[in-house]
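Here are my notes for your review. Please read them alongside the model.

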Amino acid sequence: MTLGIARRRAKPRWAVAAATVSLLTFIAASAVQAGAVGTASGFEDDDGNLVINSAGNMDWNGFDPTVWTGTPSLRQSTKTASGWQFLGLEDRQATTSDTGFAGGTKQDDNCPDIVGSKAPNKDDLKRAYVSSQTINGHVYLNLAWVRIPQNTTSASAHIGFEFNKGTTSCGTGSPLVQRSLGDMLIVYDFEGSSTDNPTLTLRRWVTSGACEISSDSAPCWGPATNLTAGGFAEGKVNTVATVSDTIAPTDETLGLNEFGEAGIDLTGAGVFGANACEGFGSVYAVSRSSGNSGTAQMKDLAGPGNFNLNNCGTVTIIKHTNPAGLNQNFGFTSTLAGGQISCTSDATPASFTLNDAATDTETCTNVPIGSYTVTEGANPAGFAFNDVTCTATGSGSGAQDATVPKQANITIAAGGDTVTCTYVNDQQLGAIKISKTSSKSGDPIQGVSFSIKSAGTGITGSPFSTDANGEICVDNLAFGDYSVKEESAPTGWAIDDSTAHTVTVDTNAKCTDAAYVGESIAFTDTPTADIQVRFRDGGSGETALEEALSCTGANGTSSTTATTGWDNTLTISGNKIGSTTLTITCTIKIDP
């Protein structure tokens, strides 16, 4: 349908106004007649303009404002808006220094020579735009191109958008990468009529089997699939009106046939299948001389640029202990197993082990879109589960399960999503309280020394000394067995029990708890008394002991060390004075 205003004779102003209204009405009607792909994705991919016409939808100018970086005429722009990731590629125009392909280069030529060349008018690209988002499990891809002003209003457009998986360079000086199995080529063919809609076809790079060009042999582009005929793609060129481009480095009004766009359901087209990962990391646009055949010569090059187009995400599980870095294994189970999922710690992540002192992270890539769970197993001895927290980028999500605290519920909603969940377990630390009292009165005894050992080695701070309350309390003790032994008693006291006692710490406790629930052990000491019996001659020289000094009933240590000025001395020190009377009887026999 062609609309215009006849110029053969003057018309009344009202007739011109009516024709103008009719034209605007047609354009507006065209803008809202979105195809099936655009309706499903919410991106106005086939109205031939960049403007958002319906509230709640998205179109190219929805990325405005954009920031272009790099060398002028070769700049790039990236942005995410309304869940759509965007890449803009700028290209030189109408100059022999433009990047293009050596004469005779065909689409099947891998790593072709890139040269400085001026493309024909209809093939001279100014910019290329790409956007993508996963919606309801479908990966949607939008493509657009901008070319220089045209010499004719019916100029055809044949533009390929090549998406590459690999990163191996084609060689020094080439911006391209070597093709690899599964690379994707989408060709946009527009024959140049105001009533024609473009045809979009898909090819995949194959390393064996049939080629689109029957005279070629693999590796090559495989047979083409007509995405438009299959209902998986739709597009439009601005054949009836100029359009405003506000995401260009400088806002522009584009003339007729200078802008084309398309939307593609890559999942519906079979590029992205269920439980199978596809991923592309870079893209470039290339104009072709004519037709939709792979024999067409390659002309202008825009790009390449980095663009993450995939249907899989990444899940990372991190194990931390409190305090950090403890050498303890923690077991996990997950529903991540299967498909193309690849994990760093285990070939099959259905069950894996993490340790904060060794391998504390499990990263799984190629996780298809879907919902998953990761669950930590039983607490190891001496540890208690604290929490699990998750962070997500993209449209993915992760959260602790409301019913099962050790379970993380993870959703990969779109390609490129990353979800990271961190599990924290607190080491259970106990305490030992030692009390020291008098066996006679029950009163506390200060200054008694005790050792606390683990596996035969004194813990930090050992030996400890009882305070004014006759107590020692030590906490932050890992669960396990400890030996407690009284090492020395203060002056005036005797140790009642000098053996080492095993204390098992298995209760989480601190010395400062309002109600102490840790381990306790009690010891007693007995007060001591010293006695001394002495004899000496009164000066006559005639008296002496008939028998050595002796005492009965004493429980201390005897000594006959002489005392200055005395002939005989018996000292018994450290006699324990318990709760009953201690009777000591000493016998002194003097020679008559």
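1. Is Cys211 buried or exposed? In this predicted model, Cys211 is buried, with a relative accessible area of 10%. Its disulfide partner is Cys220, at an S to S distance of 1.9 Å. Cys220 is buried too, at 1% relative accessibility. The link of Cys211 and Cys220 is left-handed, with -95° about the S-S bond.

2. Cys390 and Cys421 also form a disulfide, with sulfur atoms 2.1 Å apart. This link is right-handed, at 110° about the S-S bond. Cys390 sits in strand S24 and Cys421 in strand S27, 31 residues apart. Cys421 is buried, with a relative accessible area of 0%.

3. Cys473 is joined to Cys511, S to S 2.1 Å. Cys473 lies in strand S32, and Cys511 in the loop between strand S35 and strand S36, so the pair ties together parts 38 residues apart in sequence. Cys473 is partly exposed, at 31% relative accessible area. Cys511 is partly exposed, at 25%. The whole structure has seven disulfides.

4. The second largest pocket has a volume of about 280 Å³. It is lined by 15 residues; among the closest to its centre are Gly83, Gln85 and Asp417. Strands S5 and S17 each give two or more residues to the lining. By class, the lining has two nonpolar, 12 polar and one charged residues.

5. How far can the model be read? The mean pLDDT of the protein chain is 90, and 93% of residues reach 70 or more. Helix H1 has the lowest confidence, at a mean of 38. Over residues 1-32 the pLDDT is below 50. Where pLDDT is low, predicted coordinates should not be read in detail.

Note on methods. Residues are numbered from 1 along each chain as its sequence is written. This is a predicted model: local features need pLDDT of at least 70, side-chain atom pairs count only at pLDDT 80 or more; totals for chains, interfaces and linings use all residues. Side-chain values use heavy atoms; hydrogens and water are left out. On a 1 Å grid over the protein atoms alone, a cavity is a set of points where a 1.4 Å probe fits but cannot get out, and a pocket is an open set with protein on both sides within 12 Å along at least five of seven lines; lining residues have an atom within 4 Å of a point. Grid points are joined across faces, edges and corners, and a volume is the space filled by probe spheres set on the points. Helices (H or I, at least four residues) and strands (E, at least two) are DSSP runs, numbered from the N terminus. Ala, Val, Leu, Ile, Met, Phe, Trp, Tyr, Cys and Pro count as nonpolar, Asp, Glu, Lys and Arg as charged, and the others, Gly among them, as polar. pLDDT is the predictor's confidence in each residue, from 0 to 100. Contact means heavy atoms within 4.5 Å. A disulfide is a pair of cysteine sulfur atoms within 2.5 Å. Buried means under 20% relative accessible area, exposed over 50%, partly exposed in between (1.4 Å probe, protein chains only).
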